[in-house]
Amino acid sequence: MNNDRAKALTQHVTDAVLAVPGVACLRPGLRSLLHTAARQPDATDRPDPGTALRITFDSRGRATGLRIDVVVRAQHQAARTAGEVRAAAAEAAAVNPGTVRVTVTGIV
């Protein structure tokens, strides 16, 4: 899998997940927190999914599975939001929803 293509797919899925109502953020990993703290944000910054979004690829470079860790807003039902995240991510990555694993790591 071409690294640029993998990055583009990761960002596309990240954008789709963050657009789901009820998603506060992707679970911030240490790498993301340090990266954000080390520099000044600008208007073109996009969230770095860090380890909160992991995509596996087959030998042909096709996405075969996704693991996503999200933080859900308290006023939204976690299970329903996770289902909507699964559907949005599957559509964005063009994979079967059954290959997408969503974990709610927090509620804010």
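A: Along the sequence, the elements of the protein follow the order α-β-α-β-β-α-β, a total of three helices and four strands. Helices (H or I, at least four residues) and strands (E, at least two) are DSSP runs numbered from the N terminus. The model is a predicted one, in which local features need pLDDT of at least 70 and side-chain atom pairs count only at pLDDT 80 or more, while totals for chains, interfaces and linings use all residues. Residues are numbered from 1 along each chain as its sequence is written, and side-chain values use heavy atoms, with hydrogens and water left out.

The part to examine is the pairing of helix α1 (residues 3-18) with helix α3 (residues 78-93), whose axes come within 8 Å and cross at roughly 150 degrees. This angle makes α1 roughly antiparallel to α3 (under 35 degrees counts as roughly parallel, over 145 as roughly antiparallel, 65 to 115 as roughly perpendicular, the rest as oblique). The axes are lines fitted to C-alpha atoms over the stretch in contact, and angles run from 0 to 180 degrees between N-to-C directions. In passing α3, α1 forms a right-handed crossing, that is, the near helix is turned clockwise from the far one by less than a right angle.

On the α1 side, the contact (heavy atoms within 4.5 Å) is made by Leu-9, His-12, Val-13, Ala-16 and Val-17. Val-85, Ala-88, Ala-89, Ala-92 and Ala-93 supply the α3 side. By class, nine of these residues are nonpolar, one is polar and none is charged.

Val-13, located in helix α1, is buried, with a relative accessible area of 0% (buried is under 20%, exposed over 50%, partly exposed in between, with a 1.4 Å probe and protein chains only). Leaving aside residues up to four places away in sequence, Val-13 touches Ala-89, Ala-92 and Ala-93, and also Leu-53, Ile-55 and Leu-66.

Val-17 and Ala-89 are 72 residues apart along the chain, with 6.1 Å between their C-alpha atoms.

Within helix α3 is Thr-81, a buried residue with a relative accessible area of 2%. Beyond residues up to four places away in sequence, Thr-81 touches Val-20, Pro-21, Gly-22, Val-23, Val-72 and His-76.

In the loop between α3 and β4 (100-107) is Ala-94. Ala-94 is exposed, with a relative accessible area of 68%. Most residues other than glycine have a negative phi. Ala-94, although not a glycine, has a positive phi of about 55 degrees.

For the protein as a whole, 36% of the 108 residues count as buried. Among contacts between residues at least 6 apart in sequence, 67% join residues at least 24 apart. The accessible surface comes to about 6600 Å², of which 53% belongs to carbon and sulfur atoms, as computed by the Shrake-Rupley method with a 1.4 Å probe.

How values were computed. Ala, Val, Leu, Ile, Met, Phe, Trp, Tyr, Cys and Pro count as nonpolar, Asp, Glu, Lys and Arg as charged, and the others, Gly among them, as polar.
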